[in-house]
Each structure stands twice: as structure tokens, then as C-alpha cells.
Amino acid sequence: MTVATAQLTTSIADFIATATPPARARERAGIAVCDTIGVALAGAAEPAARILRTVMTAESRGNCRILGTGDRASAADAAFANGVAAHALDFDDMCFVSMAHPSCALMPSALAAAEMVNASGRALLDAYIVGFEVECRLGMTMNPRHYHARGWHATSSIGTLGAAAAAARVLKLSPAAAAHALGIAASLACGLKENIGTMVKPLHAGVAARNGVMAARLAQQGFTASGQAIDGPQGYLAAMDSERPAADLALAVADFGKRWEILDTGISVKLYPSCAATHPPLDVLLQLVRDHGLTADDIEAIDVEVDSMTPRLLIYDRPETELEAKFSMPFCAAAAIVFGHPTIETFAVERIADPRVQAIIPRVSLRANEAFDTAAPLSQARVTVRLRDGRTLTEQADGARGYPGRLTDAELAGKFLGCAERALSKRAARLALAAVRGIDTAPNVTAVTALCVTGRD
């Protein structure tokens with residue numbers, strides 16, 4: 001049954017407050033939380049995260065932990081800091097329905113709220129799920145125009161409402177209060193794609209997480225918002241230039257609790273710390289390197305074919321900074337040839353300047369192939385490598401190795417440890433991994449976060 005537009009926010013809020021996610025959905029959420037805590041630990045040392053903490057911790061006081069550090073802050077500020085850290089390396093997960101990085105805002109928001117009220121791990125996972133489902137229904141309605149044509153960075157513009165939903169669930173808001181939290185969040189949503197490749201991009205994730213917590217806490221105390229803040233004539237959907245009208249969002253939320261987007265399309269975990277659009281080409285390029293023993297001296301040219309959206313994301317042909325390199329197909333391809341599997345260290349400035357990389361970069365071309373546009377965004381790619389000995393090698397990808405159902409447990413654990421060991425000792429990282437993997441049964445999330453900070457062995 002469709003939801004009347006007049007009751008749209010009420011219907012979403014009722015789902016936030018009362019939904020009962022299935023066990024399989026919690027399993028998917030557990031993977032996302034594990035991955036995101038790992039990348040937040042790695043990102044805590046990044047300049048964007050450090051600068052934010054310097055500004056914030058001088059003023060903020062509270063008991064919520066900032067992962068990968070010894071600092072604590074208020075719930076909103078801890079969510080802010082952890083959100084920035086989680087997105088600082090662009091190593092966090094993706095969702096192609098919302099066209100957002102969902103977990104870098106959802107996890108910090110839910111985690112900070114959970115620490116504030118001593119909630120269980122299961123409560124955190126359920127909150128993550130309802131926030132994810134809200135984001136997906138918004139994304140289905142608003143995209144592709146909202147993200148693709150108008151320049152809104154959905155990680156923040158849509159993620160703020162998801163983060164508010166997650167925090168509202170942890171705080172056990174009534175449906176009426178949850179509706180106000182959504183209305184407040186609708187006015188706090190922001191994020192411009194023009195800032196991709198700068199420190200502001202991870203700031204978007206932190207702002208979404210902070211604003212989500214703040215919206216839920218304000219609503220908890222009786223702060224009110226318009227009942228049509230989302231779907232009114234001057235509301236969120238209209239202002240954010242939604243692809244489809246509010247009536248379509250009403251249709252999209254009608255299957256809440258019956259169909260779970262986290263199970264149907266899921267979350268894509270990144271195995272390389274670069275824009276998700278680089279991953280299918282990198283997968284097949286690395287496979288060609290392994291299969292044929294390719295080196296930098298063998299390469300004459302590399303041609304990468306992708307869908308029409310990807311060139312709008314990979315905008316740096318000649319990157320100079322670490323952040324620009326993450327959005328550069330020429331650099332990522334060249335670095336994969338020279339260094340192999342891209343890691344966090346691959347994007348260091350000295351590696352960008354490596355003469356072997358610089359020699360290959362001009363030989364890499366990126367072009368759109370409209371035939372790929374009918375598939376899911378960022379899922380298909382064709383890589384053609386021309387060798388100096390006259391051979392031509394071609395390989396095509398349909399999706400990346402970290403897509404739902406493809407990620408192995410060993411890959412997730414390996415990524416977590418590699419990330420966590422940037423902030424923790426090897427022993428502490430393994431203890432943290434065990435705790436995070438068992439978060440579903442944790443009676444209190446503070447027992448988990450206590451293992452994810454510095455100052456302990």
C-alpha cells in the first residue's frame with residue numbers, strides 16, 4: 001500500500017522507531033561497522049582529522065571516544081571527529097543506491113549516541129540499518145539528478161538524514177520525536193561535490209554525523225520542525241533538486257520493513273583507498289599484471305573505458321596531492337603498474353612524483369562508453385593495455401572485488417588490521433578486531449570502543 005504524501009515523514013519516523021531488522025541485515029551492518037571503525041582508526045592520523053581535533057578538543061568536553069586517539073568529546077563532536085577520520089582516506093564503503101559513502105556518517109552518529117546512553121551493540125547495528133534504509137529510499141528518489149547533475153555530495157546531503165535516523169533509533173525516540181529529528185536534519189544537510197579532492201570532502205562526512213546526532217538530541221528535548229520539511233513545496237526534496245517528486249518517495253518507503261535494501265543491493269567495501277570509480281578498472285589491471293608479469297617497462301599505453309558518470313568523478317589527470325591522486329585514473333593505473341595493489345602509502349606525495357609513475361601517467365586515457373550506462377553506476381569497465389612488444393591485452397570488469405557477496409572474511413580482517421595498526425599496536429589491533437567482530441553480542445558498545453583508542457597495550 002502506498003503512503004499518502006501528507007503522512008510521508010510520519011511513515012519514515014514510524015519505521016525508524018519500530019522496525020525490526022532481520023538477523024541477516026545485522027550481519028551486513030556488522031561488516032560495515034567493522035570496516036568503518038578500521039578506516040577511522042587509519043584516518044585519525046590524517047591532516048584533516050588532526051586539524052579538526054585541534055580545533056574541537058580545545059572546546060569540547062564529554063565522554064564519547066574519538067577512535068584511534070586518547071581524546072574524548074561530546075556525542076556530537078565525537079561523531080564529527082570520527083566521521084572526518086572515517087572518510088579522510090576515501091577508504092570507506094559505498095552504496096550505489098544512495099550514491100553516498102553511507103557508513104562514514106551512519107557509524108559515527110550511531111556509535112556516539114550509543115556511547116552516550118550505554119546502548120548495546122545490537123542497538124547500534126539496528127540503528128545503522130534503519131539509517132541505511134532511509135538513505136537508500138532518499139537516494140532512489142533524488143538521484144541521479146541530485147548527485148550527478150546538481151553537484152550535491154550525497155554522503156552529506158543524504159547522509160545527514162540517515163545519521164539523524166540512526167541516532168534517533170539509538171536514543172529510542174518516539175515516532176513523533178523522530179519525525180522532528182528528520183525535519184531538523186533536512187535543514188542541516190549540505191555538501192558540495194566541487195570540494196572533492198580536498199579536506200572538505202571528509203569534512204562532509206563529519207558534519208553529517210554531527211548534525212545527525214544534534215538533530216536527534218534536539219528532538220529528544222522537544223525541539224520541533226515542520227512536518228513537511230522533507231516533502232513540502234520549499235522542503236528538502238525541492239531545494240535539493242530531487243529527480244522525482246515526493247509522491248515517489250512515498251512509494252519508495254511503502255515497502256519499509258518488507259524489503260531491506262541492505263540485503264538486496266548492499267554495501268560495497270573498498271579494497272583500495274581511492275575513489276570507488278577506480279576499483280573495477282584497478283581489479284582487472286592488477287589481474288593483467290599478475291597474469292602476464294607486466295612491469296613499467298612493458299607499457300606502451302593503457303586505455304580505460306567506463307560509464308558516463310565516472311569521468312565526472314575522476315577529474316584529476318595530473319594530480320599533485322594525495323587527495324587529488326585518489327580521484328585520478330591515470331595515477332591509479334600507473335601506480336598499480338609500478339607498486340602493485342594500492343595501499344594507503346601508495347598515495348603519498350613522493351610516490352606521486354616517482355619518475356616511473358610520471359612516465360606512465362600520460363599514457364593512460366579515460367573515456368566514457370555509453371554501453372556501460374545501463375548497468376549499475378560505477379560497475380563496469382574495460383581496460384586495454386598496449387605493450388611495447390606489440391601485444392594488446394584486454395580485460396573487462398563487472399563490479400569490484402569488494403562488492404556485496406564478493407568480499408571474503410580474510411579480506412575484511414586483513415584490511416581492518418592494516419588500517420588499525422596505523423593507530424594501535426599489532427596486539428591491540430587484533431584485540432580490537434575481535435571485539436568489533438563480536439559487536440552484535442556486546443552488552444555495551446563502550447566495551448568495544450575502549451579497545452579502539454591509544455594509550456593502551
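Author: Helices (H or I, at least four residues) and strands (E, at least two) are DSSP runs, numbered from the N terminus. This is a predicted model, in which local features need pLDDT of at least 70 and side-chain atom pairs count only at pLDDT 80 or more, while totals for chains, interfaces and linings use all residues. Residues are numbered from 1 along each chain as its sequence is written, and side-chain values use heavy atoms, with hydrogens and water left out.

Reader: Where is the place of Glu261?

Author: Glu261 lies in helix H14, residues 261-264.

Reader: Is Glu261 buried or exposed?

Author: Glu261 is buried, its relative accessible area being 4%. Buried means under 20% relative accessible area, exposed over 50%, and partly exposed in between (1.4 Å probe, protein chains only).

Reader: What does Glu261 touch, not counting residues up to four places away in sequence?

Author: With those left out, Glu261 touches Val97, Phe132, Glu133, Cys136, Arg137, Met140 and Gly266; contact means heavy atoms within 4.5 Å.

Reader: Turning to cysteines, how many disulfides does the structure hold?

Author: There are zero disulfides, a disulfide being a pair of cysteine sulfur atoms within 2.5 Å. For Cys104, the nearest cysteine sulfur is that of Cys95, 12 Å away. Cys104 is buried, at a relative accessible area of 0%.

Reader: Next, the helices. How do the axes of H5 and H9 cross?

Author: The axes of H5 (residues 103-117) and H9 (residues 159-170) come within 8 Å and cross at roughly 25 degrees. Axes are lines fitted to C-alpha atoms, for helices over the stretch in contact, and angles run from 0 to 180 degrees between N-to-C directions. H5 and H9 are therefore roughly parallel; angles under 35 degrees count as such, over 145 as roughly antiparallel, 65 to 115 as roughly perpendicular and the rest as oblique.

Reader: Which residues meet there?

Author: Among them, Ala105, Leu106 and Ser109 in H5, and Gly159, Gly162 and Ala163 in H9. The residues of this contact divide into 10 nonpolar, three polar and no charged. Ala, Val, Leu, Ile, Met, Phe, Trp, Tyr, Cys and Pro count as nonpolar, Asp, Glu, Lys and Arg as charged, and the others, Gly among them, as polar.
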